[in-house]
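This briefing sets out selected computed features of one protein model. Please consult the sequence and the structure shown here alongside the text.

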Amino acid sequence: KKSGPENDVLKFSFITLGCKVNQYETDIMKQDVAGNSHEVVGIEEIADVYVINTCTVTNQADRKSKQMIRKAKRTNPDAIVVATGCMAQVEYSELSEIADLIIDNGKKDCLVKTVEDFILNKDKTEYFNNAYWLNRKLISKAGKTEDRTRAYVMIEEGCDRCCTYCKIYHARGTVINSKPADLILEEIDGMKRSGVNEIVLTGINLGKYNHSGIKLADILERIREKFENIRIRLSSMDPDLVDERICGIISDKMFCRHMHLSIQSGSNEILKSMNRQYSVQRVLSTVDSLRKIDGDYSITTDIIVGFPGETEEDFMDTCHLIERIKPLKVHIFKYSPKSKTRAALMKNQIPYSVKKLRSDRLAEISAEASKDFRKNFMGRETEVLVENIDKYITGHDEYYLFHQIESCNMYDIGRMLKSKIKKIDENENDRVVSEIVKLP
């Protein structure tokens, strides 16, 4: 028997991999554990139940997910090891060989009941539905988060874009499930009351939010009307889903002067091959619209190098785009074929040596672009959310610049302070060194 009777207090430990949606859903699961009188313990502690919230966005994420499952088994061979998340959703057969129980993404908000049932019944197949999203109702809400700085609020699940390199739509479905507007506002209100100063709105494809005709712009407008003295940040957006109305709403100071645009390539040919539903020209027009809000509006992005068929000219188009838009930070991925994706079957796969060279070159170009962008902030005052206090105070401002602040004073984590930027960090693409001006 792996654990005690159903009415025993069980110790749950969580390991979360991947995106902000997974982080949010781990908060939901921890809330479920506490609400059912069980205990959440750290990942290095001996637990009765280990929950690995997996990711499958890259092959490296798959490897990491499996490593964490095996590590949990080694930590306590008598524990129940639960795999959930996106790799668990699409690779049930593979993970069922090393995990005791696999639950689909739709059962995360009833984790405890599922585990207790499994303890009694021991039938793992009963708890997995490979198309859970067909009947999904997104109604769970997080209470007070463990993170005293920012909180994630998941408002949407599902993606109907089916990019050729991606298998997330297999894991999260092509049905767009959106949370009711009133529930979103209630959730943000609860987070604000608990002392959270920054809310990050997130989803699998955030720009696709649509609940009974209420779209993302409508939600942002309602947030603007209802709240004050809180900072709102949007997670990743596709460039073509950032429209004129959204730009008009997020010009309000409540919204961070930062957006993560999922660009992927600066070549129209490669974007078409990826099944991305926008052009390079649309990327440029979106960046231009954001920088009409603020000339130093901050962009972070993802770029895939070495996609099948990418020529040197295609790659140089990407380099030129990065030089032109000057993102604060670029997350560079060397393309790696994923099973069950169309791109893995494409001809003209690029050798690893070429992908490595292109990745290194783009990293150099991105670093220079980031320096150029950050130089505009010299002497500027911005509001920093205190995220860590050690030798220095560190945290992000509204532009997503990461501040290192020398101070002999102690400030509470989660507090906002106004800081003046003294210099940029030459070695890190998003960092600046600043000094405290005052607490707002």
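The points below are grouped by topic, after a short note on conventions.

This is a predicted model, in which local features need pLDDT of at least 70 and side-chain atom pairs count only at pLDDT 80 or more, while totals for chains, interfaces and linings use all residues. Residues are numbered from 1 along each chain as its sequence is written, and side-chain values use heavy atoms, with hydrogens and water left out. Helices (H or I, at least four residues) and strands (E, at least two) are DSSP runs, numbered from the N terminus.

**Helix α7**

- Helix α7 covers residues 181-193, and its end C-alpha atoms are 18 Å apart.
- The buried residues of α7 are A181, L183, I184, L185, E187, I188 and M191. Buried means under 20% relative accessible area, exposed means over 50%, and partly exposed lies in between, with a 1.4 Å probe and protein chains only.
- These buried residues pack against α1 (20-35), β6 (150-157), β8 (198-203), β10 (214-215) and α8 (216-226), contact being defined as heavy atoms within 4.5 Å.
- After α7 comes G195, which has a positive phi near 105°.

**The open sheet**

- An open sheet is formed by four strands in the order β7-β6-β8-β11, with mixed pairing. Two strands pair if DSSP finds at least two bridges between them.
- At the edges are β7 (177-178) and β11 (231-234), each of which pairs on one side only.
- The pairing of β8 with β11 is parallel and runs over four bridges; E198 stands opposite R231 in β11.

- Strand β16 (residues 393-397) is largely enclosed by the rest of the structure, because five of its five residues are buried.
- β16 pairs with β15 (residues 381-389) in the antiparallel sense over five bridges, and N388 stands opposite T394 in β16. The hairpin that joins β15 to β16 passes through three residues.
- β16 also pairs with β17 (residues 402-405), again in the antiparallel sense, over four bridges; I393 has I405 in β17 as its bridge partner.
- The hairpin of β16 and β17 has four residues between the strands, and Y400 in the turn has a positive phi of about 70°.

- Lining residues have an atom within 4 Å of a point.
- Grid points are joined across faces, edges and corners, and a volume is the space filled by probe spheres set on the points. The count by this rule is two cavities of 30 Å³ or more.
- The largest cavity has a volume of about 100 Å³. Of the 13 residues that line this cavity, E25, D109, R136, L138 and S140 lie nearest its centre, and α1 supplies the largest share of the lining, three residues.
- By class, the lining of the largest cavity divides into five nonpolar, two polar and six charged residues. Ala, Val, Leu, Ile, Met, Phe, Trp, Tyr, Cys and Pro count as nonpolar, Asp, Glu, Lys and Arg as charged, and the others, Gly among them, as polar.
- The second largest cavity has a volume of about 30 Å³ and is lined by I15, I43, Y50, M68, K71, A72 and T75. Helix α2 (residues 59-75) contributes the largest share of this lining, four residues.
- The second largest pocket has a volume of about 350 Å³. Its lining comprises 15 residues, with I230, R231, K253, E383 and M416 the closest to its centre; by class, six are nonpolar, two polar and seven charged.

- S366 lies in helix α13 (residues 352-375) and is buried, with a relative accessible area of 3%. Not counting residues up to four places away in sequence, S366 touches I322, V330, I332 and N429.
- D317 is placed in helix α12 (residues 312-325) and counts as partly exposed at 32% relative accessibility. With the same exclusion of residues up to four places away in sequence, D317 touches G266 and S267.

Notes
The expected span of a helix is 1.5 Å times one less than its number of residues. On a 1 Å grid over the protein atoms alone, a cavity is a set of points where a 1.4 Å probe fits but cannot get out, and a pocket is an open set with protein on both sides within 12 Å along at least five of seven lines; lining residues have an atom within 4 Å of a point.
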